[in-house]
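Here's a quick look around one part of a protein model.

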Amino acid sequence: MGGDGGSIPGRQDLVKTKRKPEMAERHVERIARWLHCAITQEKLRPPIVSCELGRLYNKEAVLEFLLDKGSCQSAQHLRSLKDFKELKLTDNPAYRGPSNDKGDAYSDNQASLYICPVTGLEMSGRYRFCFLWTCGCVVSEKAIKEVGSDVCHKCGGPYIPGDEIVINGTESDISLLRNKMLDKRAKAKAEKKAKKSQKRKLDEKVVDGVDEKSESVESKSLQAKFRNLPKR
Ligand SMILES: [Zn+2]
């Protein structure tokens with residue numbers, strides 16, 4: 001139908017043919033982010049780390065990046081060891097090793113390497129997953145939302161609401177996370193500055209004290225010297 005001049009293609013046809021490849025591409029891109037390091041694009045392998053924006057990296061790649069400050073755009077927000085966390089992942093018992101990989105073709109049927117320890121959902125890019133910044137444990141967002149608790153479902157450590165970071169989230173997730181990161185950094189900077197000026201004040205006081213003390217010690221020893229001078 002359409003294209004021969006005899007019929008006018010409906011909006012549905014145009015939209016469909018235009019959107020399909022784009023969507024497939026985006027799907028592949030989305031899946032790829034769960035399998036590859038955001039810096040090197042190499043396959044993810046433990047130890048795997050993540051940042052305040054929820055990107056996945058091989059730890060080795062991040063350490064190398066920090067050493068020679070690479071130009072990788074996905075990692076410009078990483079300044080030191082404090083800016084990423086090593087992830088505690090749960091192996092998927094259904095994963096049958098790399099023989100399941102069919103080159104660069106991604107299939108929804110392919111078992112993923114990791115699962116949510118609470119819900120059993122596969123960490124394949126299909127479901128939303130988070131990690132907790134404090135302990136680094138990775139669970140599905142469903143587990144956090146539906147199993148309300150004040151402890152981490154994986155390690156039993158404390159869970160602070162708002163501590164979770166969505167892994168490979170949507171653009172709006174990332175912009176929220178970026179704002180959170182910038183707020184946190186500005187706060188840390190202000191605290192550091194306040195501490196520094198407080199310390200300076202303390203140091204000044206201590207220096208004053210020492211000066212007075214040494215002065216008095218000095219004058220006392222001088223007085224003693226005068227006292228010990230032979231009388232004439
Ligand atoms: Zn935990």
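Serine 140 sits in strand S7. Keep in mind that this is a predicted model. Serine 140 is buried, with a relative accessible area of 0%. Leaving aside residues up to four places away in sequence, serine 140 touches Cys116, Thr119, Leu121, Arg128 and Phe129.

## Aromatic pairs

One of those contacts, Phe129, also turns up in an aromatic pair. The count of such pairs comes to two. Tryptophan 34 and phenylalanine 129 make an edge-to-face pair, 6.4 Å centre to centre with 70 degrees between the planes. Tryptophan 34 is in the loop between helix H1 (11-33) and strand S1 (48-51), while phenylalanine 129 is in strand S6, so the pair ties together parts that are 95 residues apart in sequence. Both partners are tucked away: tryptophan 34 is buried at 8% relative accessible area, and phenylalanine 129 is buried at 0%.

Phenylalanine 131 and tryptophan 133 form a tilted pair, because their planes are at 45 degrees, with ring centres 6.0 Å apart. Phenylalanine 131 is buried at 0% relative accessible area, and tryptophan 133 counts as buried at 12%.

## The zinc site

What holds the zinc ion? Its protein donors are the SG atoms of Cys135, Cys137, Cys152 and Cys155, lying 2.2 to 2.3 Å from the metal. The site is tetrahedral, with angles of 106 to 113 degrees among the four donor atoms. Along the sequence, the donor residues are spaced C-x1-C-x14-C-x2-C.

Cysteine 137 lies in the loop between strand S6 (129-132) and strand S7 (138-140), and cysteine 152 in the loop between helix H3 (141-146) and strand S8 (164-166), so this pair ties together parts that are 15 residues apart in sequence. Both cysteine 137 and cysteine 152 are buried.

Terms used
Residues are numbered from 1 along each chain as its sequence is written. This is a predicted model: local features need pLDDT of at least 70, side-chain atom pairs count only at pLDDT 80 or more; totals for chains, interfaces and linings use all residues. Side-chain values use heavy atoms; hydrogens and water are left out. Donors are N, O and S atoms within 2.8 Å of the metal (3.2 Å for Na, K and Ca); water is not among the atoms, so sites may look incomplete. Four donors count as tetrahedral if all angles lie between 85 and 135 degrees; four count as square planar and six as octahedral if opposite donors are over 155 degrees apart and all others between 65 and 115; anything else is irregular. Helices (H or I, at least four residues) and strands (E, at least two) are DSSP runs, numbered from the N terminus. Buried means under 20% relative accessible area, exposed over 50%, partly exposed in between (1.4 Å probe, protein chains only). Contact means heavy atoms within 4.5 Å. Rings of Phe, Tyr and Trp (its six-membered ring) pair if their centres lie within 6.5 Å; planes under 30 degrees apart count as stacked, over 60 as edge-to-face and the rest as tilted.
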